[in-house]
Amino acid sequence: MTIGIVMLVHTAFDRAEQVARHWARAGCPVVIHVDRQVPKVTFQRFVKALSDLPDVLFSRRHRCEWGTWGLVAASQDAAELMLDRYPRLHHVYLSSGACLPLRPVAELIDYLADRPQTDFIESATTADVPWTVGGLDHERFTLFFPFSWRSNRYLFDRFVDVQQRIGLRRKVPRAITPHMGSQWWCLTRQTLGAILSDPERRRFDRYFRRVWIPDESYFQTLARLHSSNIESRSLTLSKFDFQGKPHIFYDDHLQLLRRSDCFVARKIWPHADRLYRTFLSDSQSADARQAPNPGKIDRIFAKAVDRRTRGRSGLYMQSRFPKLGWENGATSGPYSVFQGFSDLFKDFEPWLARATGAQVHGHLYAPARAQFAHGQTVINGALPDTAALRDANPKAFLTNLLWNTRGERQCFQHGPHDTPGIIWHISRDPNAQISVISGAWAVPLFKSDASFADLRTEAALLQKAESAMLDEIRSPDVKARVRVWTMAEFIEAPMEPLQLVIDEIGHRAPRRLAEAPVMQDLTGFGQFLQNLKNHGMHPYLMGDFPVDPAPRNAQAARRKPYLVKN
Amino acid sequence: MRKSRQLKPVANRTDRIRPSDLLVFCTARNEGIRLPYFLKYYRDMGVNHFFFVDNDSTDGSLDYLSRQEDVSVWATHGSYKRSRFGMDWINGLLRKYAHGHWALTVDPDEFFLYPFCDTRPLRALTDWLDASTIKSFSAMLLDMYPKGRIDAQPYVAGQNPLDIASWFDAGNYAISRNNRFGNLWIQGGPRARAFFADTPERAPALNKIPLVKWHRRYAYVSSTHMLLPRGLNLVYDEWGGEKASGLLLHTKFLDTFGQKAAEELKRRQHYAGSTEYLAYHARIQHDPDLWCKWSEKYINWRQLEILGLMSKGNWA
C-alpha cells in the first residue's frame with residue numbers, strides 16, 4: 001500500500017526532477033503532466049532526465065492556462081493513468097512542480113494509511129467563503145466565460161457585465177451543488193475512481209469546461225457527490241495574497257516551514273537552494289524538526305496582506321500616499337492642541353508635561369520657528385525647526401512629527417499668530433484633541449508695554465485670525481474632539497475644564513489634579529478690554545469681562561464647556 | 001535618440017547577455033575610487049551585466065571598466081547638462097539593450113536596498129515583481145552622512161562607503177503629488193535641513209524609480225525621478241495600503257565630496273545652474289557636519305522598514 005503523486009509542471013524542470021526523485025525514492029509512483037505550452041525539446045530533455053526511474057510516468061499533455069479547463073483535464077488524465085497502472089494505491093496526491101515535501105514521505109504514507117477512507121480536499125459552498133478574487137463567487141458557476149482573464153481582461157469583464165445585466169444564466173446540473181477550495185487535494189482511490197468513472201462524467205465535464213477557474217471547483221464539487229468522508233482541508237500549505245496569488249517561499253522561510261504541520265508546501269522559489277537541500281535530504285529525521293506552530297505562518301502572511309491593504313496608520317512615504325479620507329487614520333496617534341492656555345497661565349507647558357507625562361511643545365507653527373519641547377532645534381527623526389521647511393508642507397511636518405514620536409503623546413500650543421493652513425487638517429483628524437480658550441491672546445497684549453495704538457492693531461488682527469480658526473473647527477465635517485471656552489467662562493472655574501482635558505489625555509491613572517497651573521494676574525484686564533472698545537476695537541471672543549469686577553465667588557454656578565464634536 | 005550618437009563604444013560585451021539577465025545602467029565621471037566597491041555590491045546582489053557611460057573621466061575609470069568581464073562601457077565627451085544630466089545617453093542604451101530585462105539605473109554613489117536583500121538575491125525580487133505583474137519599483141534616495149566633518153575619514157577604493165557615511169535622517173521627508181506625471185515628489189533629509197532651510201522648494205528631489213522591467217517604449221523623463229508612460233510612476237498606493245519599496249542609500253557625502261563640489265561648480269553641468277552645488281559649497285566651507293543628535297545610525301533594511309522609509313508591501 002502506498003500513495004501516488006500527480007505533479008503538474010510547467011517550469012523549473014530541474015526542481016521538478018529533484019522532487020520527483022524524492023517521491024520515487026520513498027516508493028511513491030509519480031505521474032507528471034507537462035503543460036503543452038512547454039517547447040518539445042524542453043519536454044523531451046525532462047523526460048530523458050527522469051528515464052532511469054521506472055515509476056515516473058508522463059501523462060497526455062494539455063494546454064494549461066490559469067483559470068481554464070486545461071488544468072482539470074490534465075489532472076484527470078494523470079489520475080486515470082495513475083489508478084490504471086498502480087492498482088495498489090490507496091491515495092493520490094495532486095501537487096505542482098513548485099511543491100516541496102516538508103515532512104519525510106514515510107510520515108505522509110503512515111498518516112494516510114491510518115485514514116484509508118478520508119479524502120483531504122478543501123471544499124466549501126460559495127456562499128460561505130470570502131476567497132474569491134474579482135467578486136465572482138457563485139457566478140463562476142452560472143455565467144459564460146469565453147474570454148481569457150489573463151490576456152483579455154477587458155472583454156472578460158465586459159462580457160460578465162453584459163450577462164449580469166441581461167440576466168443570462170447557465171443551468172447547474174441537478175445532481176451537484178457547487179463547492180470550491182484549494183486545487184491541491186489528496187483523494188482516496190475509491191473517490192477518485194468514482195469521479196473519473198461516473199456515468200454522468202461527460203455531462204459534468206461539459207458543464208465544468210465553461211466554469212470560471214474549474215480547477216478550484218471540479219474535484220471539490222464532485223468529491224461531495226462520491227466521498228463518504230471528506231476532511232475539508234488541504235494537506236498542502238499554500239498561502240494567498242490579497243489578489244489571490246500564492247505567496248512564494250524562500251530560503252529565509254526555512255525555520256518557519258519547519259514548524260508547519262503540513263506535509264507539502266507551495267510555492268517554493270526555484271532558486272531556494274537551501275529549502276530544497278534541507279527538505280529533500282533523506283537525513284532529515286523527525287526529531288530534527290521543531291514542534292509544529294502553523295499559527296506563526298498564518299500570522300506572517302496575514303500581516304503581509306494587512307500591510308498591503310491597510311498599511312501603517314499615519315505613515316506617508318514613497319509607496320504609501322493615501323488619498324484624502326483613505327488614510328486609515330490621518331496621523332499615527334492621538335495628540336492635543338492647546339490654544340490660549342499658555343497665554344492665560346504662567347508656565348503652562350511644564351505644568352502640562354508634569355500633569356500628563358506627555359511631550360509638550362510650544363507653538364509648533366510659530367512664525368519664526370517650530371518651538372520644540374525643551375528648546376530643541378531638531379527633534380525625533382531629525383525633523384528641523386525651520387519655519388520655511390515646515391510651511392512648505394505644514395501637513396507633512398505634523399504627520400512626520402507624530403510618526404517620529406509614535407508611542408509618546410504629543411501636545412503643542414497653537415495661536416492666532418501661527419501658520420493658519422494646518423488647522424484644516426488638524427480639525428479633520430479624529431486623533432486630534434483641540435482645546436481653545438478664545439480671546440486669551442489678549443492677555444499678553446494686556447501685559448505688554450507696547451504703545452496702545454500698536455496693541456489695538458494687533459488685537460484686531462488676532463481676533464480676526466482666531467475667529468476664522470473657530471469657524472474652521474466648528475464646520476460640520478470636523479472629526480477632532482473640539483472644546484471651546486470663552487476666556488470669561490474659563491476663568492470662572494478653570495480646574496474643571498483642565499481636569500476634563502487631562503483625563504481625556506489619559507496617560508496617567510485618572511485622579512484629581514494635585515497642582516493647578518498659576519494664572520496670570522488679571523487685575524485691570526477688564527479695563528484693558530474696555531480701552532480697546534473705547535478705541536473702536538470690540539474684542540468679543542473672550543466673553544464678558546466687567547470693567548470693575550466684583551470679587552468672584554469660587555462657588556459661582558459652573559457652566560459646562562460645550563463639546564462641538566464628540 | 002540623437003544624443004546617444006555621442007556615445008563611443010569602448011568595450012561592448014552585450015553579446016554575452018542572456019535573456020533573463022539583470023542589468024545595471026550607470027553614468028560616471030571621475031568615480032574611479034568608488035567603482036570597485038560599486039561593482040562588488042551589485043555583483044553580490046546578482047546583477048549579471050553592467051552598462052557604463054563614462055563622461056570624460058580623467059582618473060582611469062574608463063580603463064578600469066573596460067577590463068571588467070561583465071561590463072560594457074561607452075565613452076562620451078558630450079555635455080552632461082545638454083544630455084539632460086546623462087539621461088539621454090542612458091535612455092538610448094536602455095532602449096537598445098534593456099528591452100525585456102529588469103534594469104536598475106543608479107549612480108556610482110547609490111546603493112540599492114530592497115526588502116529581504118540580506119537573505120534573497122535581486123532575482124527573488126524581480127521574479128516576485130514579474131509574478132505580481134508589477135513593472136516598476138520605487139526606491140527613495142536616502143542621503144547617508146558621517147558623524148563629524150564629512151572630510152574627516154578618507155575613503156579608500158574597495159571600502160564600503162557605509163562604514164563611513166552610516167547615518168541618516170529617519171523622519172524628515174515631505175511628499176506631494178506631481179499631477180502631470182502622476183509621481184510623488186519627495187524632498188527633505190539632511191540636504192534640505194542643512195543646505196535649503198530657507199529655500200525648501202529648491203531642495204533636491206528624493207523620489208526615484210530605479211528598477212524597471214524595461215520596454216523599448218519606456219523612457220526616463222528626469223533623472224530616475226519619473227518615467228513615461230505615466231502608469232510606471234504609480235509605485236505608491238492611494239487607498240491606505242503600502243506597496244513594496246526599497247531605498248537607494250546615497251553615499252555622496254564622503255571626503256571626496258568637497259573636491260567634487262568644487263569641480264562641479266567649475267563645470268556648471270548640474271541641475272538648475274548647479275544651485276545645489278553652490279549651496280553645498282557655501283555650507284561645507286564653514287560647517288561640514290550633517291550629523292545631529294537625532295540622526296539615526298544604519299543597521300539593516302529591517303530598521304529602515306520599521307522606520308517607514310521603505311516597505312515590504314505584501315512580499316513576505
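Biologist: Which residues of helix α4 (residues 105-113) of chain A are buried?
Modeller: Helices (H or I, at least four residues) and strands (E, at least two) are DSSP runs, numbered from the N terminus. A residue is buried if 20 or more other C-beta atoms lie within 10 Å of its own, exposed if 12 or fewer, and partly exposed in between, with C-beta atoms placed from the backbone. In α4(A), the buried set is Val105(A), Leu108(A) and Leu112(A).

Biologist: Why do the buried residues of α4(A) line one face, and within what arc do they fall?
Modeller: An α-helix has 3.6 residues a turn, so residues three or four places apart point the same way. The arc is that of the directions from the helix axis to the C-beta atoms. Seen down the axis of α4(A), the buried residues line one face because they fall within an arc of 60°.

Biologist: What kind of model is this?
Modeller: Residues are numbered from 1 along each chain as its sequence is written, while chains are lettered from A and ligands numbered from 1 in the order in which they are written. Local features need pLDDT of at least 70, side-chain atom pairs count only at pLDDT 80 or more, and totals for chains, interfaces and linings use all residues: the model is predicted.

Biologist: Which residues are exposed on the other side of α4(A)?
Modeller: The buried side is covered by elements that include β1 (2-9), α1 (13-25), β4 (89-96) and β5 (100-101) of chain A. On the other side of the helix, the exposed residues are Ala106(A) and Asp110(A).

Biologist: What is the radius of gyration of chain A?
Modeller: Chain A has 21 helices and 22 strands, and its C-alpha trace spans about 110 × 60 × 45 Å along the principal axes. The radius of gyration is taken over C-alpha atoms, and the globule rule is 2.2 Å times the number of residues to the power 0.38. For 566 residues a compact globule would have a value near 24 Å, but chain A has 36 Å.

Biologist: What radius of gyration does chain B have?
Modeller: Chain B has 8 helices and 16 strands. Its C-alpha atoms fill a box of roughly 50 × 50 × 40 Å along the principal axes. With 316 residues, a compact globule would have a radius near 20 Å, which agrees with the chain B value of 18 Å.

Biologist: What percentage of the residues in chain B are buried?
Modeller: In chain A, buried residues make up 42% of the 566 residues. Of the 316 residues in chain B, the buried part is 54%.

Biologist: Which residue of β3(B) stands opposite Ala28(B)?
Modeller: Strand β2 (residues 22-28) and strand β3 (residues 49-55) of chain B pair in the parallel sense over 6 bridges. Opposite Ala28(B) stands Asp54(B).

Biologist: Which residue of β12(B) is the bridge partner of Leu104(B)?
Modeller: β5(B) runs parallel to β2(B), joined by 4 bridges. With strand β12 (residues 211-213) of chain B, β5(B) pairs in the antiparallel sense over 3 bridges. There the partner of Leu104(B) is Leu211(B).

Biologist: Which element of chain B gives the largest share of the side that touches chain A?
Modeller: Two residues are in contact if their C-beta atoms, placed from the backbone, lie within 7 Å. By that rule, 51 residues of chain B are in contact with 48 residues of chain A. Elements giving two or more residues to the chain B side are α4 (122-131), β10 (173-177), β11 (184-188) and α5 (189-195). The largest share, 5 residues, comes from α4(B).

Biologist: Which residues is Asp289(B) in contact with, leaving aside its neighbours within four places in sequence?
Modeller: Asp289(B) is found in the loop between α7 (271-286) and β16 (296-297) of chain B. Asp289(B) counts as partly exposed because it has 15 C-beta neighbours inside 10 Å. Its contacts, with those neighbours in sequence left aside, are Gly148(B) and Arg149(B).

Definitions and conventions
Two strands pair if DSSP finds at least two bridges between them.
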